[in-house]
Amino acid sequence: MSEGNVAVDVGFGQSKWSVKLDGVIITGGFPSLAPISSGVTVSTNESMGGKRNTVKVVVGNTSFEIGPDSHLAKSEASTGRSLSEEFPTTNNYKALLLGALHYSGATHVPYLALGLPVHTMPLYADVL
């Protein structure tokens, strides 16, 4: 078990995370794209010449492909990006948050800090 406090900021352009594991602070990020994944993609088929650096995240009944190579999974019609003020309540946000937790490497998170735009904090702090 890897225990660490994690901070995540799901932004419009990038989702960023930081974690302290075994006394070392580790950071990372990936594009804030949450394309819906297909049943079989390059990320699940290594015979196609390599594996994408993504993880499948299921939220509700929808499977998303999240990670540094998520731009390879998106269609031009649907990137999973949103400018809606309700974005923190969407499945896309949840998928990006879960993807960040995956990439952080922490399997047990005693404390989770989330970033929100200042003007939406009163609206969504309790929801998150």
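Two helices and six strands make up the secondary structure of this protein, where helices (H or I, at least four residues) and strands (E, at least two) are DSSP runs numbered from the N terminus. Read from the N terminus, the order is β-β-β-β-β-α-β-α. The model is a predicted one, in which local features need pLDDT of at least 70, side-chain atom pairs count only at pLDDT 80 or more, and totals for chains, interfaces and linings use all residues. Residues are numbered from 1 along each chain as its sequence is written, and side-chain values use heavy atoms, with hydrogens and water left out.

Let's turn to helix α1. In α1, 10 of the 14 residues are buried, so the helix is largely enclosed by the rest of the structure. Buried here means under 20% relative accessible area, exposed over 50%, and partly exposed in between (1.4 Å probe, protein chains only). Among the buried residues are Tyr93, Leu96, Leu97, Ala100 and Tyr103. The buried residues of α1 pack against β1 (6-10), β2 (14-21), β3 (24-31), β4 (55-59), β5 (62-66) and β6 (112-114), with contact meaning heavy atoms within 4.5 Å. Just after the helix, Gly105 takes a positive phi of about 85 degrees.

Now zoom out to the whole protein. Of its 128 residues, 35% count as buried. Residues 24 or more positions apart account for 57% of the contacts with a separation of 6 or more.
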